[in-house]
Amino acid sequence: MLLSREIVQHLSPHFGEKGAKALSEVFENFVWSQVRAEFEEIRDILKELAQAQARTEARLEELAQAQADTERQLGETQKALKSLARTVEDLQKQVGGITHTIGYTLENEAYKALPELLKRDLGVQVQGKLLRKMWERSRGAVEEVDIFGEGLKDGRKVVILGEVQAQLSKRHLDRFLKRLERLKKELPEGERILVAVTHSAPPSVVKYAEEKGIRVYYSYEL
């Protein structure tokens, strides 16, 4: 090797040619042992890096599979939610239909029974029939009153207006009164006789109705 010859030439004046060669061999063996040690260390490092890369790739594959499973489950969940939404919508329609049926049945009973009740309790003589009344407003809007009719009380003209709810609440009463306020120009002149017909109402609601001048009738009174 070139390096060995240079070492021999450099050491020969001090140790002789034979001694210089011996020292050169020792140095060369030392250098190669260091190179081999470093090479083995680098080889081990590369091996560890390769193993780490393999583990990383395996983990990435697991994550990719997990993501695919998650996306599949998400798709199934979305389908289930859509199905549930359709079911809820159908139930709402059914409940709404039942509610309307109950409400209309209660209204029909009220139309028949209220004339006699109003005469007995308030001295009101209903003229004609009680009915559901609608008024068309601007932009196609419709205002509706569940019970509408006209009558006489002590010779004076009165207007009978009523709200029908299966379960009466303060919100229903407030909404009813606001509706009448919006309709004040369309309603006939005369004293207003306000009634509410319901299957049930808490005492607080009945008291609130009385404070607002609304007489409450229960379905069992009809």
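Which residue does the side chain of glutamate 144 meet in a salt bridge? I looked this up first: glutamate 144 pairs with arginine 132, at 1.8 Å from N to O. I count a salt bridge when a side-chain nitrogen of Lys or Arg is within 4 Å of a carboxyl oxygen of Asp or Glu.

**Ground rules.** I am working on a predicted model, in which local features need pLDDT of at least 70, side-chain atom pairs count only at pLDDT 80 or more, and totals for chains, interfaces and linings use all residues. Residues are numbered from 1 along each chain as its sequence is written, and side-chain values use heavy atoms, with hydrogens and water left out.

**Overview.** I found 3 helices and 5 strands, in the order α-β-β-β-α-β-α-β from the N terminus. Helices (H or I, at least four residues) and strands (E, at least two) are DSSP runs, numbered from the N terminus. Of the 222 residues, 27% are buried; buried means under 20% relative accessible area, exposed over 50%, and partly exposed in between, with a 1.4 Å probe and protein chains only. I also looked at contacts (heavy atoms within 4.5 Å): among those between residues at least 6 apart in sequence, 54% join residues at least 24 apart.

**Salt bridges.** I get 13 of them by this rule. Back to my opening pair: glutamate 144 lies in strand β2 and arginine 132 in strand β1, so they tie together parts 12 residues apart in sequence. Glutamate 144 is partly exposed at 25% relative accessibility, and arginine 132 is partly exposed with a relative accessible area of 25%. Arginine 132 also meets glutamate 107 (2.1 Å, N to O). Glutamate 107 sits in helix α1, so this pair ties the helix to strand β1 (residues 124-136) across 25 residues of sequence. I note that glutamate 107 is buried, at 5% relative accessible area. Glu107, Arg132, Glu144 and Asp146 are linked in a network of salt bridges.

I then checked arginine 182, whose side chain meets that of glutamate 143 at 2.6 Å, N to O. Arginine 182 belongs to α2 and glutamate 143 to β2, so the bridge ties together parts 39 residues apart in sequence. Glutamate 143 is buried at 12% relative accessibility, while arginine 182 is partly exposed at 41%.

**Cores.** A nonpolar core here is a set of buried Ala, Val, Leu, Ile, Met, Phe, Trp, Tyr and Cys residues joined through side-chain atoms within 4.5 Å. The largest has 21 residues, and Leu161 and Leu173 touch the most other members. β2, β3, α2, β4, α3 and β5 each give two or more residues to this core, and α3 gives the largest share, 4 residues. A second, separate core of 18 residues includes Leu117, Leu118, Leu130 and Ile147.

**Helix α3.** Which residues of α3 (203-211) are buried? I find Val205, Val206, Tyr208 and Ala209. Seen down the axis of α3, they fall within an arc of 160°, so they line one face of the helix; the arc is that of the directions from the helix axis to the C-beta atoms. Their cover includes α2 (170-182) and β5 (214-218). On the face turned away I see the exposed residues Pro203, Lys207, Glu210 and Glu211. Just after the helix, glycine 213 takes a positive phi of about 80°.
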